[in-house]
Amino acid sequence: MIKNTEITANESRLWASLMDMAKVGPGIAGGSNRQALTDEDNEGRTLFKNWCETENMVVKIDELGSMFAFREGTDPNALPIMIGSHLDTQPTGGRYDGILGVLAGLEVVRSLNEHNIKTKHPIVVANWTNEEGSRFAPSMIASGVYAGKYDLEYAYNCTDPDGISVKDELTRTGWLGDMPVGEPKIHAYYEYHIEQGPILEAEDKLIGVVTHGQGLAALEVTLTGKAAHTGSTPMTMRSNASLAMAKIIHVTHDLVMDNQPNTAVSVGKIDVFPNSRNVLPSKVVFTIDIRAASQDKFDELCNQIKVKVHQISSEFDVGCSIDIVGHKDPVAFDSKLVSIIRDTTSKLGYSNIDICSGAGHDAFWIADVAPSAMIMCPCVDGISHNENEEISSEWAVAGTNVLLHAVLETAIIDNNCLFS
């Protein structure tokens, strides 16, 4: 139940917007397929732009196609409060991952307009280009360039599996903007997202107050063995790259299990050559995804796993190389913004717990250049990056109400009172 508030988000309006966006680039099993800079993404962006302009927001596009919808404030010199996430999806994505955060930001503006509430700081709702990285690697590329982690030309030259570049598609779809990446500068950043995990639902909590984000290291391991006949090559005389990979997966899993909580490891992408059932592989290439919330633990695990990979490769007489194809240190979100979210959640009467984000988000990069924080809502069975991803309208609006009041407090108070 809402307590001590005079303004709340409109649950049915928020839900209708989510369902309308889900009709754009529908998946094959109830989800969404709006991969970055496809025609479907273009259609979703256009729908969002139209909704923003209906609310008298000015939509600006930066050089990487990220969208920034501005609601003016009363102080022309005040930096904006940004609410951001993404509209692009996985190939078989759900209807809420990222989309909830963008459309909840729009609902914040709609609610403020509906109640004729002015804020000192402008409010900007952002849709970051290519957060998912499902078409163009790496993920979170636009927010990464915004935060100075990647060069703009590097981002432009990233290609999809068909060799089409980011800049090619920005040009083709008409989303190559002229606002420099890194603009607008912001006073504070909020991101609202589904948890993408099972903790909130299991704990029967409506709101996750995100205090930290796990660091991510993606190690692409190449093991080089010797192609040979599987029947005529004795087991004792093989250079078996796939067997070495299997042991690496097992050993790294056990290592991380011994370092719980808030650590994780997985191998989700494997390429085997020549990929024939009766030929020992000459090469296997796989990616080890390592995550941890503590910087010390993150560094320790990354180093230990690299050592284990080389040790096991030597044991099985296979060649080994490791390339770092992704890296982001753990994030500690701004303590003052986190306190605003926690206090707001309590005032609204919502059940809540502190939580660490296991998935990467644009807020991870933005936290390096501006005070940032995240809010999470539950998702059924913790399922995400899956067309069966599901939330309830009650969950969606609860987090939106927290977002609304946290943004409202941050946008009204004086510059000199919040961040020193």
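In which loop is Pro274 found? Pro274 is found in the loop between strand S9 and strand S10 (279-280), where helices (H or I, at least four residues) and strands (E, at least two) are DSSP runs numbered from the N terminus. The structure is a predicted model, in which local features need pLDDT of at least 70 and side-chain atom pairs count only at pLDDT 80 or more, while totals for chains, interfaces and linings use all residues. Residues are numbered from 1 along each chain as its sequence is written, and side-chain values use heavy atoms, with hydrogens and water left out.

**Domains and their interface**

- The protein is divided into domain 1 (11-213 + 331-411) and domain 2 (215-328), with bounds that come from an automatic or database domain assignment.
- The centres of domain 1 and domain 2, taken over C-alpha atoms, are separated by 34 Å, and the contact (heavy atoms within 4.5 Å) takes nine residues from domain 1 and six residues from domain 2.
- Between them, domain 1 and domain 2 bury about 570 Å², 57% of it on carbon and sulfur atoms; buried area here is the accessible area (1.4 Å probe) that two parts lose on being put together, summed over both.
- Across the interface of domain 1 and domain 2 the rule finds one salt bridge, the rule being a side-chain nitrogen of Lys or Arg within 4 Å of a carboxyl oxygen of Asp or Glu.
- A salt bridge is formed by the side chains of Asp368 and Lys328, at 3.7 Å from N to O.

**Helix H1**

- The twelve residues of helix H1 (residues 11-22) should span 16 Å at 1.5 Å a residue, and the end C-alpha atoms of H1 are 17 Å apart, which agrees; the expected span is 1.5 Å times one less than the number of residues.
- Leu14, Ser17, Leu18, Met21 and Ala22 are the buried residues of H1, where buried means under 20% relative accessible area, exposed over 50%, and partly exposed in between (1.4 Å probe, protein chains only).
- Seen down the axis of H1, these buried residues fall within an arc of 140 degrees, so they line one face of the helix; the arc is that of the directions from the helix axis to the C-beta atoms.
- An α-helix has 3.6 residues a turn, so residues three or four places apart point the same way.
- The partners against which the buried residues of H1 pack are helix H2 (39-54), helix H3 (99-114) and helix H12 (393-412).

**Helix H8**

- The buried residues of H8 are Ala241, Ala244, Met245, Ile248, Val251, Thr252, Leu255 and Val256, and, seen down the axis of H8, they fall within an arc of 135 degrees, so they line one face of the helix.
- The cover over the buried residues of H8 includes strand S7 (215-224), strand S9 (263-273), strand S11 (283-292) and helix H9 (295-315).

- Glu107, placed in helix H3, is buried with a relative accessible area of 1%, and, leaving aside neighbours within four places in sequence, Glu107 is in contact with Ala9, Asn10, Arg13, Leu14 and Thr400.
- Glu55 has its place in the loop between H2 and strand S1 (58-61) and, not counting residues up to four places away in sequence, touches Leu106, Val109, Arg110 and Asn113.
- Glu195, in the loop between S5 and H7, counts as buried at 8% relative accessibility, and its C-alpha atom is 9.5 Å from that of Cys356, although Glu195 and Cys356 are 161 residues apart in sequence.
- Leaving aside neighbours within four places in sequence, Glu195 is in contact with Leu200, Glu201, Ile355, Met376 and Cys377.

**Backbone geometry**

- Most residues other than glycine have a negative phi, and most peptide bonds are trans.
- Phe273 and Pro274 are joined by a cis peptide bond with omega about 5 degrees, and the peptide bond from Ala137 to Pro138 is cis, with omega near 5 degrees.
- Pro138 is found in the loop between strand S4 (123-127) and helix H4 (141-146).
- Asn56, which is not a glycine, has a positive phi of about 60 degrees; Asn56 is found in the loop between H2 and S1 and counts as exposed at 69% relative accessibility.
- Gln196, which is not a glycine, has a positive phi of about 65 degrees; Gln196 lies in the loop between strand S5 (188-194) and helix H7 (199-203) and counts as buried at 18% relative accessibility.
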